[in-house]
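Please consult the sequence and the structure shown below.

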Amino acid sequence: MEAARVLAQRVQQEEETPKAQLARAFRLVAGRTASTEEVSVLEQLFNEEIQRNAAAPAKADSLLGIGEYPIPTQLDRLTTAALTCVGNVLFNFDEAFVKR
């Protein structure tokens with residue numbers, strides 16, 4: 001989970017918009033550019049996670065507390081938690097660890 005959080009932090013620092021952040025995360029994990037449909041699915045997941053985190057900020061803080069890598073204070077915690085969940089999904093994506 002910490003690797004997913006660090007990925008979330010990285011893409012937030014490298015890209016401005018959530019859509020660009022999601023596309024960048026996909027590229028970093030899968031090694032290829034995401035299709036429009038794939039980005040759309042990631043956006044849907046991201047938006048669902050934002051809503052979940054807004055409803056239960058303590059759970060988002062608990063998620064962000066996993067691991068030792070420091071969290072930059074300038075990053076929005078709810079966004080970081082949502083991107084962490086997306087990153088976790090990406091790391092479990094077949095293309096993250098299988099080259100065909």
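Is the crossing of H2 and H3 right-handed or left-handed? The crossing of H2 and H3 is right-handed, that is, the near helix is turned clockwise from the far one by less than a right angle, anticlockwise being left-handed. The model is predicted: local features need pLDDT of at least 70, side-chain atom pairs count only at pLDDT 80 or more, and totals for chains, interfaces and linings use all residues. Residues are numbered from 1 along each chain as its sequence is written, and side-chain values use heavy atoms, without hydrogens and water.

**Helices H2 and H3**
- The axes (lines fitted to C-alpha atoms over the stretch in contact, with angles from 0 to 180 degrees between N-to-C directions) of H2 (residues 18-30) and H3 (residues 36-55) come within 10 Å and cross at roughly 115 degrees.
- Contact (heavy atoms within 4.5 Å) involves Pro18, Lys19, Leu22, Ala23 and Phe26 of H2 and Glu38, Val39, Leu42, Glu43 and Phe46 of H3.
- These residues comprise 7 nonpolar, no polar and 3 charged.

**Asparagine 53**
- Asparagine 53 belongs to helix H3 and is buried (under 20% relative accessible area, 1.4 Å probe, protein chains only), at 6%.
- A polar atom of the asparagine 53 side chain lies 3.3 Å from the backbone oxygen of leucine 78.
- Beyond its neighbours within four places in sequence, asparagine 53 contacts Ala60, Leu78, Ala81 and Ala82.

**Helices H4 and H5**
- The axes of H4 (residues 57-64) and H5 (residues 77-91) come within 9 Å, crossing at roughly 65 degrees.
- The crossing of H4 and H5 is left-handed.

Definitions and conventions. Helix = DSSP H or I, 4+ residues; strand = E, 2+ residues; numbered from the N terminus. Nonpolar A, V, L, I, M, F, W, Y, C, P; charged D, E, K, R; others polar. Buried < 20%, exposed > 50% of the residue type's maximum accessible area, 1.4 Å probe, protein only. Polar contact = N/O pair within 3.5 Å; in protein donor to acceptor, adjacent residues only side chain to side chain.
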